[in-house]
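Welcome to this tour. Please open your viewer, and we will go from stop to stop together.

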Amino acid sequence: MFYQVFNLILQSAKYKNIDYVQLCKVHDQARMQELIVGNAVDLYAPLEVAVYKEELFSETIYVAVIDSKIVGFVAFRENELGYIYVLNGFQGRGIGGKLLDTVIPCLERPAFLEVFSTNIKAKRLYRSRGFVEETKEKMILH
């Protein structure tokens, strides 16, 4: 696993175990928001529980940090973008785009991601970075 920390001015730092709690907060808040948009709230599990089946920590993880606070993260492996979450209060500030810009060069092609068909905001972000819809819930980057 590789873990890089950055704020709006890119800086690298090593993962610290104390960051786990902040990562859980971002995951849990943004995951619930995603599931509400996808009408799938019954699938919600906090990261502390979901980590065993979601395999997040087997992926490469980058986090967005502002004022020593993790406000978003992205995780990927090989050609799959598995996660991209930003706290509600920090959405719309370009953080998701910066996270994508950081990992897109690392993704093997064709790369893919899954997204709820009703998550229009996320799809707009992915399209802005070159992803195209393969199905209503799968997007591809060539």
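How many disulfides does the count come to by the rule of a pair of cysteine sulfur atoms within 2.5 Å? The count comes to zero. Before you select anything, note that this is a predicted model, where local features need pLDDT of at least 70 and side-chain atom pairs count only at pLDDT 80 or more, while totals for chains, interfaces and linings use all residues. Residues are numbered from 1 along each chain as its sequence is written, and side-chain values use heavy atoms, with hydrogens and water left out.

**Stop 1**

Select cysteine 24, which counts as buried at 7% relative accessibility. Buried means under 20% relative accessible area, exposed over 50%, and partly exposed in between (1.4 Å probe, protein chains only). Now go to cysteine 106, which is partly exposed with a relative accessible area of 38%.

**Stop 2: the whole chain**

Switch to a cartoon view to find four helices and seven strands. Helices here are DSSP runs of H or I with at least four residues, strands are runs of E with at least two, and both are numbered from the N terminus. Along the sequence they follow the pattern β-α-α-β-β-β-α-β-α-β-β. Of the 142 residues in the chain, 45% are buried.

**Stop 3: strand β4 and its partners**

Select β4 (80–86), where five of the seven residues are buried. Strand β3 (residues 69–77) runs antiparallel to β4, joined by six bridges; two strands pair if DSSP finds at least two bridges between them. Arginine 77 has glutamate 80 in β4 as its bridge partner. Two residues lie between the strands of this hairpin, and glutamate 78 takes a positive phi near 40 degrees there.

With β5, strand β4 pairs in the parallel sense over two bridges. Show leucine 81 and its bridge partner in β5, leucine 113. The chain crosses from β4 through α3 to β5 in a right-handed β-α-β crossover, meaning that the path over the helix runs clockwise with the strands pointing away from the viewer.

**Stop 4: the largest pocket**

Finally, select Glu34, Ile84, Tyr85, Asn119 and Tyr126, which lie nearest the centre of the largest pocket among its 35 lining residues. A pocket is an open set of points on a 1 Å grid over the protein atoms alone, where a 1.4 Å probe fits, with protein on both sides within 12 Å along at least five of seven lines; lining residues have an atom within 4 Å of a point. β4 gives the largest share of this lining, seven residues.

Key:
A disulfide is a pair of cysteine sulfur atoms within 2.5 Å.
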